[in-house]
Amino acid sequence: MTRLLVVLMLLAAPLWAVEPGEMLDDPVLEERARDLSQGLRCPVCRNESIDESNAALAKELRIVLRERLVEGDTDQQAVNFMVARYGEYVLLRPDARGANLILWLAAPALLLIALGIGWMTIRSRKPVPDALTDAEKAELDKILRS
Amino acid sequence: MLNELGHFALILAFGVAIVQMIVPMVGAHRGNAGWMAVAEPAATTQFLLVAFSFAVLTWAFVTSDFSLQLVYANSHTDKPMIYKITGVWGNHEGSMLLWMVILALFGAFAAWFGGGLPPRLRARVLAVQGSIGVAFFAFVLFTSNPFLRLAEPPLNGRDLNPLLQDPGLAFHPPFLYLGYVGLSMSFSFAVAALIEGRVDAAWGRWVRPWTLAAWMFLTVGIALGSWWAYYELGWGGFWFWDPVENASFMPWLIAAALLHSAIVVEKREALKSWTILLAILAFGFSLLGAFIVRSGVLTSVHAFANDPERGILILIILAIFLGGALTLFAVRAGTMEAKGVFSTVSRESALILNNILLAVSCLVVFIGTIWPLVAEMLFDRTLSVGPPFFDAAFTPFMVALAIVLPLGSILAWKRGTLGRAAKPLMGWLILAVAMAALAYAIQSGNSALGPIGVALGVWVVGGAIADLWMRSGRDGWQTRLRRMGRLPRADWGKATAHIGMGVTIFGIAAMLAWEKEDIRVAEVGDRWAVGQFEFQLDDVAQTRGPNYLTTMADISVWREDQQVTLLRPEKRFYPVANMPTTEAAIANGVLRDLYVVIGDPQEQGGWAVRVYIKPFANWIWGGAILMALGGCFSLSDRRLRVGAAAAKKVPDAVPAE
């Protein structure tokens, strides 16, 4: 049944991303809604946020999100509401809990390791011979001239 | 009949590739000059056969020969001629054939212009290139044959996906493939050098032009795709961190690192094993990209050629080549001894830092791309990784790269001093900070993105100019300008590419930070203001195109009661493919783009209209063009041509110790 519903939604006439009718009159609230909806994934689309998507479900979610904000939810509460309904799948920015720590920390950790290895490799190389001292230069000149 | 000939040529090319893989390699091992010499004619023949096969397929599309299953599924008699031709690669089978043509072309180039290579190395390079060909010929012939016939040809075809009927996207795949496949040359050189057990300055010189060419094509291909997304998708986004985009971005980042580390091999004979590893990884990421795009294992907006079974075969090819090369690397990397020594503060160290930052930023893209898969398989969590993650995790590395770039590119080789390098840059640093402060003062709101983008842009561009200026000596400015004109092309290439990087950074930051958006319902005759401009909906009309129906609006743009321009956004419907598309109307400008989209008619009357003012949008792609141009300059440098063509041995650049 839900699958049928999804198919019907996908077949529905193409709508538009954010439509004029959905927008809130309060510019501050509307701005918050836009920011939040850019971080929420449309559950039936291919990798699009509900802000960009044309799907009917995305439109519904945009309206639901705005309703939550109008009722006085904080940003976090509104997002939690969506996650409670659709799972963490809707978060385009995965939280840094549990296994996701690997996702967030892999690059910084590798950067530190790479910098360490790079530093040690450069250091452990034979040092660049120092430039000649003045005395040595004089000596060299003498040899070359003789 | 002709189609069968094309099919046959493809099978013959497969056979030739097998010969090219085995005979020269054995010859190189035994020191048999005759066997090694097989490589060149084999590479040429292979290319001619595949090119013929590709020409036949193109002819089938041009003449709408619906007896070919592929033509039936992807073409239509009403389609404009240009899209009949580009339709050849607008599908899985045809694009694989294009991939093969390019692969064979690169092999043939190595055969034609590789006269300066030692014969043994050349035989091995061509043999490795031949082995890549064998794998993909087998893939095309056994799973994705473009020459399959239909027993009863239908009267007309099913048309090409309308989104692909567009100039930007028509030429996006060929450039990308030139880039992806071009990296196969770097891979072949790396594997050949590992088999040979020898990497020297000359090797660095030979491998660089191929990498540079591949990187240039990738740059153009990615820019075309991003530009297409900007004007076609209807709201002016230019990068979505979609798995398929990431698939092309990862090899680009690694190729950029490879370009820089190959310079160190060439000039200083250091970083050898690291450079070999990068060359292997760059092609590995190309193959990974092919896997991501064609397997559909990651959900993407680009899904047009998905088939899990084919995906598994590409994964096997990837595993064999990457696994084989990395094993060889593990065995042989120890034999490559660095010759050049350098101190902690030096151009070499700066290039190592460049490589670390590029490689780590590639890792961010990689792990973000595959994480949904890993999380689902190992941790049973269904989650998404989208633009907000990449923006947060990727940007810091690029900012660091931009900060380091001007300093590093000015540092002396072997041993430098930071103070001396910083001196010519002080003026630019002050200018960068001042411009950022100015930007902060005049912008509305207090986002840091715009000012940071301005500062980095000025700093990177200024650094490149300062570098050129410093190299022109110490005389009066006329003499210095004249000398600047006579600097080697490679120096100009470096400066141009770095300027391009600065321009792109600035463009991205400025557009994201200062964009204006307006969404409303407008009746015909309505006039409204966005920023400094006024927009008026003059008319909405329904008309027909060659193979589509369209709703076209006339929207005039005014500024202080002077008409600036007339924009005509469209909403098209392609009846054969049963698909709508939006065609935004854009007035391009150096300082800003005006971007208008017409939406659906509203129940209460009027039309939904979206208007964007996108400041400095074109600088994003302008910068990419500059980067590619820089690559061109560098490729045309005498040093590379002489180095690639002259047979005489390059004297070893061993530093005095």
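This is a predicted model: local features need pLDDT of at least 70, side-chain atom pairs count only at pLDDT 80 or more; totals for chains, interfaces and linings use all residues.

Biologist: Fine, why is B:Asn74 called buried?

Modeller: The cut-off is 20 or more other C-beta atoms within 10 Å. B:Asn74 has 25 of them, so it counts as buried.

Biologist: Where does B:Asn74 lie, and which residues is it in contact with, leaving aside its neighbours within four places in sequence?

Modeller: B:Asn74 belongs to helix H4 of chain B, residues 69-74. Beyond its sequence neighbours, its contacts are B:Gly87, B:Gly90, B:Asn91, B:Gly157 and B:Leu160. To be called a contact, a pair needs its C-beta atoms within 7 Å.

Biologist: What makes a set of residues a nonpolar core here?

Modeller: The members must be buried residues of the listed nonpolar types, joined through C-beta atoms within 7 Å. The largest such core has 240 residues. Among those with the most contacts inside it are B:Phe189, B:Ala279 and B:Ile280. Helix H10 of chain B (residues 201-232) gives the most to this core, namely 21 residues.

Biologist: Which residues does B:Ala279 touch, not counting those up to four places away in sequence?

Modeller: B:Ser186, B:Phe187, B:Phe189, B:Ala190, B:Val207 and B:Leu258.

Biologist: Now the sheet in chain B: how do you know that E1 and E10 pair?

Modeller: Pairing takes at least two bridges. E1(B) and strand E10 (residues 607-615) of chain B are joined by 7 and run antiparallel, so they qualify. Within that pair, B:Arg520 stands opposite B:Val609 in E10(B).

Biologist: What is the order of the strands in the open sheet?

Modeller: The 4 strands go E1-E10-E9-E8, with antiparallel pairing.

Biologist: What makes E1 and E8 edge strands?

Modeller: Strand E1 (516-522) and strand E8 (585-587) of chain B each pair on one side only. From one strand to the next, the twist averages 15°.

Biologist: Which domains does the assignment give for chain B?

Modeller: Domain 1 is 1-159, domain 2 is 166-329 + 345-409, and domain 3 is 516-617. The centres of domain 2 and domain 3 of chain B, over C-alpha atoms, are 37 Å apart.

Biologist: Last one: how many residues of chain A are in contact with chain B?

Modeller: 37 residues of chain A, against 41 residues of chain B. The chain A side has 22 nonpolar, 5 polar and 10 charged residues.

Notes. Residues are numbered from 1 along each chain as its sequence is written. Chains are lettered from A and ligands numbered from 1 in the order in which they are written. Two residues are in contact if their C-beta atoms, placed from the backbone, lie within 7 Å. Ala, Val, Leu, Ile, Met, Phe, Trp, Tyr, Cys and Pro count as nonpolar, Asp, Glu, Lys and Arg as charged, and the others, Gly among them, as polar. Domain bounds come from an automatic or database domain assignment. Helices (H or I, at least four residues) and strands (E, at least two) are DSSP runs, numbered from the N terminus. Axes are lines fitted to C-alpha atoms, for helices over the stretch in contact, and angles run from 0 to 180 degrees between N-to-C directions. A residue is buried if 20 or more other C-beta atoms lie within 10 Å of its own, exposed if 12 or fewer, and partly exposed in between; C-beta atoms are placed from the backbone.
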